[in-house]
Amino acid sequence: MNRTQLEHIIRAASQISGDAEIVIVGSQAIHAQPTKLPPIAFQSDEADVYPRNHPERAEEIDAAIGELSPFHDAYGYYCHGVGPTTAILPNGWDKRVVRLSNANTGGATGLCVDVHDLALSKYAAGREKDIAFNRELGVTVS
């Protein structure tokens, strides 16, 4: 996935949920960062999101633009509607989000987890793919 595709997901998720703020908690939140991204940032075809003000509508997003949906078939990427407790994030993460809003998001705003909070979340998950993600970001724990 790339930044333009994430912007598309933000726009679509906002339209489906009726919420102008979409939280991106997974690895694809990195596309809001203003720096050059490592190749691993472009490997996933899925964004983990939920509507900030209506998190209960994440299931509607998942049904409409989730894995194996017509959206997924048409574009080759998809959205996984998740909940606010899906990612383990440090205190205050919501005050450090990187806001992604432009013409491509259709007036909606993506609230993308900051890269530092994202790395901590990946270590908390502890899966090999998350550790590999952090390694490519240059974030290691000894």
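This is a predicted model: local features need pLDDT of at least 70, side-chain atom pairs count only at pLDDT 80 or more; totals for chains, interfaces and linings use all residues.
Guide: A pocket here is an open set of grid points with protein on both sides within 12 Å along at least five of seven lines.

Visitor: Why roll a probe at all?

Guide: Rolling a probe the size of a water molecule over the atoms shows where empty space is left.

Visitor: Which residues are closest to the centre of the largest pocket?

Guide: Of its 26 lining residues, Asp 48, Lys 122, Arg 127, Lys 129 and Asp 130 are the closest to the centre. A residue counts as lining when it has an atom within 4 Å of a pocket point.

Visitor: Which elements supply the lining of the largest pocket?

Guide: Strand S2 (46-51), strand S3 (78-81), H4 and H5 each give at least two residues. H4 provides the largest share, with 5 residues.

Visitor: How do the residues of that lining divide into nonpolar, polar and charged?

Guide: There are 11 nonpolar, 8 polar and 7 charged residues in the lining. Lys and Asp count as charged.

Visitor: Let us turn to H5. Which residues of helix H5 are buried?

Guide: In H5, residues 128-137, the buried ones are Asp 130, Phe 133 and Asn 134. Buried means a relative accessible area under 20%.

Visitor: What do the buried residues of H5 pack against?

Guide: They pack against helix H4 (115-125). H4 has buried residues too: Asp 117, Leu 118, Ala 119, Ser 121 and Lys 122. Their cover includes H5.

Visitor: What is found at the start of H4?

Guide: A side-chain oxygen of Asp 114 comes to within 2.9 Å of the backbone nitrogen of His 116. The limit for a polar contact is 3.5 Å, so this pair passes on distance.

Visitor: And what follows each of these helices?

Guide: Gly 126 follows H4, with a positive phi near 70 degrees. Gly 138 follows H5, and its phi is positive, near 90 degrees.

Visitor: What makes the phi of Leu 68 worth a look?

Guide: Most residues other than glycine have a negative phi. Leu 68 is not a glycine, yet its phi is positive, about 70 degrees. Leu 68 lies in the loop between helix H2 (58-65) and helix H3 (70-75).

Visitor: Is Leu 68 buried or exposed?

Guide: Its relative accessibility is 67%. The cut-off for exposed is over 50%. Therefore Leu 68 counts as exposed.

Visitor: Why is Ala 47 called buried?

Guide: Its relative accessible area is 0%. The limit is under 20%, so Ala 47 is buried. This residue is in strand S2. Among the residues that Ala 47 touches are Met 1, Leu 6, Ile 9 and Cys 79.

Visitor: How far apart are Ala 47 and Cys 79?

Guide: In sequence, 32 residues. In space, 4.9 Å, C-alpha to C-alpha.

Visitor: What makes Glu 21 buried?

Guide: Its value is 16%. That falls under 20%, so Glu 21 is buried. Glu 21 lies in strand S1 (residues 21-24).

Visitor: Why is the pairing of Glu 21 with Asn 53 called a polar contact?

Guide: The side chains of Glu 21 and Asn 53 make the contact at 3.3 Å. The limit is 3.5 Å, so the distance qualifies. Glu 21 also touches other residues, including Tyr 50, Arg 99 and Leu 111.

Visitor: How do you know that Thr 105 is buried?

Guide: Its relative accessibility is 0%, so Thr 105 counts as buried. Thr 105 sits in the loop between strand S4 (98-100) and strand S5 (109-112). A polar atom of its side chain lies 2.7 Å from the backbone oxygen of Ala 108. Thr 105 touches Glu 7, Ile 10, Arg 11 and Leu 100, leaving out residues up to four places away in sequence.

Visitor: Where is His 8, and why is His 8 called buried?

Guide: His 8 is in helix H1 (residues 3-17). With a relative accessible area of 13%, below the 20% cut-off, His 8 is buried. Among the residues that His 8 touches are Phe 71 and Asn 104.

Technical notes. Residues are numbered from 1 along each chain as its sequence is written. Side-chain values use heavy atoms; hydrogens and water are left out. Buried means under 20% relative accessible area, exposed over 50%, partly exposed in between (1.4 Å probe, protein chains only). Helices (H or I, at least four residues) and strands (E, at least two) are DSSP runs, numbered from the N terminus. Contact means heavy atoms within 4.5 Å. A polar contact is a pair of N or O atoms within 3.5 Å; within protein, one must be able to donate a hydrogen and the other to accept it, and residues adjacent in sequence count only if both atoms are side-chain atoms. On a 1 Å grid over the protein atoms alone, a cavity is a set of points where a 1.4 Å probe fits but cannot get out, and a pocket is an open set with protein on both sides within 12 Å along at least five of seven lines; lining residues have an atom within 4 Å of a point.
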